[in-house]
Structures are given as structure tokens and as C-alpha cells.
Amino acid sequence: MKTVIGIDVGGSTTKIIGVRFEEQNTRPILMQPLQVKANDPKTSIYGAFGRYISENGMKITDVSRIMVTGVGSTFIKEDIYGIPTIHVEEFEALGLGGLYLTGLENAVIISM
């Protein structure tokens, strides 16, 4: 069972969620989200990640990749703890995530 971690690094709050893939060709399982606050984006990212895997009883080896977005993600230039770390455009992440959550093929997704 592998998990993909998504991290949105905002100006004041970092949001993190895990998506667990238990079997091939099945709908992934969304894990409980978490929010943390820190003044430094890197501290926020690494702190959120460490806390998230700890609170979910995970090991670093359970994570197959990390997806980062948001204004603070620009401070991440390397893989986090050796895990492939991919930058995602925030609006694309918002739109695709909204479609996934609705189960629809087409929708207008709004961030307010």
C-alpha cells in the first residue's frame, strides 16, 4: 500500500493530506487532512510532513511521492527526505481535486 502526500504551502498555513492506493484500479482512499502554521515555508513543509506520517502511523517508506503546491512550495528545490517531490500548479491541483471529490467529469470548481 503506497501513499501520495499532497502539501499546499500557503502564506500562513500549510495543508497536508494523504491519498492511499490499496489496490490497482480502485478508487484511492483520502486520509484525514492536517493543517500547521509556521513562519518559514521549509519548516512548515518538513514539520507538517513529519507530524502527518507520525500521526498516521506511517513510515517514510510508505510514501511513494510528494506533490507540493502553493506560494511557499517555491522554496522546495529538492526531493523531501529522498522521496520524489513534484511541483503542481495550484489552479490545476484545485480543479482536478474538485473534480475527484465530486465524482463528475466536468464541473466549475471555485476557490473562495
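## Helix α2 and Ala93

Ala93 is a residue of helix α2, which spans residues 90–102. Helices (H or I, at least four residues) and strands (E, at least two) are DSSP runs, numbered from the N terminus. The model is predicted: local features need pLDDT of at least 70, side-chain atom pairs count only at pLDDT 80 or more, and totals for chains, interfaces and linings use all residues. Residues are numbered from 1 along each chain as its sequence is written, and side-chain values use heavy atoms, with hydrogens and water left out.

With a relative accessible area of 30%, Ala93 is partly exposed; buried means under 20% relative accessible area, exposed over 50%, and partly exposed in between (1.4 Å probe, protein chains only). A distance of 9.5 Å separates the C-alpha atoms of Ala93 and Met67, which are 26 residues apart along the chain.

## The largest pocket

The largest pocket has a volume of about 1000 Å³. Of its 30 lining residues, Gly6, Ile17, Ala93, Leu94 and Gly97 are the closest to its centre. On a 1 Å grid over the protein atoms alone, a pocket is an open set of points where a 1.4 Å probe fits, with protein on both sides within 12 Å along at least five of seven lines; lining residues have an atom within 4 Å of a point. Grid points are joined across faces, edges and corners, and the volume is the space filled by probe spheres set on the points.

Helix α2 provides the largest share of this lining, ten residues. At least two lining residues come from each of β1, β2 (13–21), β5 and α2. The lining divides into 19 nonpolar, six polar and five charged residues.

## Aromatic residues

Two aromatic pairs are found in a search of the whole structure. Tyr46 and Tyr81 form an edge-to-face pair, 5.1 Å centre to centre and with 80° between the planes. This pair links distant parts of the chain, 35 residues apart: Tyr46 lies in helix α1 (residues 41–55), and Tyr81 in the loop between β5 (63–69) and β6 (85–87). Rings pair if their centres lie within 6.5 Å, and planes over 60 degrees apart count as edge-to-face.

Tyr46 is partly exposed at 23% relative accessibility, and Tyr81 is partly exposed at 46%. Together with Phe49, Tyr46 and Tyr81 form one aromatic cluster.

## Thr3 in strand β1

Thr3 is located in strand β1 (residues 2–9) and is buried, with a relative accessible area of 1%. Leaving aside residues up to four places away in sequence, Thr3 touches residues including Gly18, Val19, Met31 and Asp62, where contact means heavy atoms within 4.5 Å.

Definitions and conventions
Phe/Tyr/Trp six-rings, centres within 6.5 Å; stacked < 30°, edge-to-face > 60°. Nonpolar A, V, L, I, M, F, W, Y, C, P; charged D, E, K, R; others polar.
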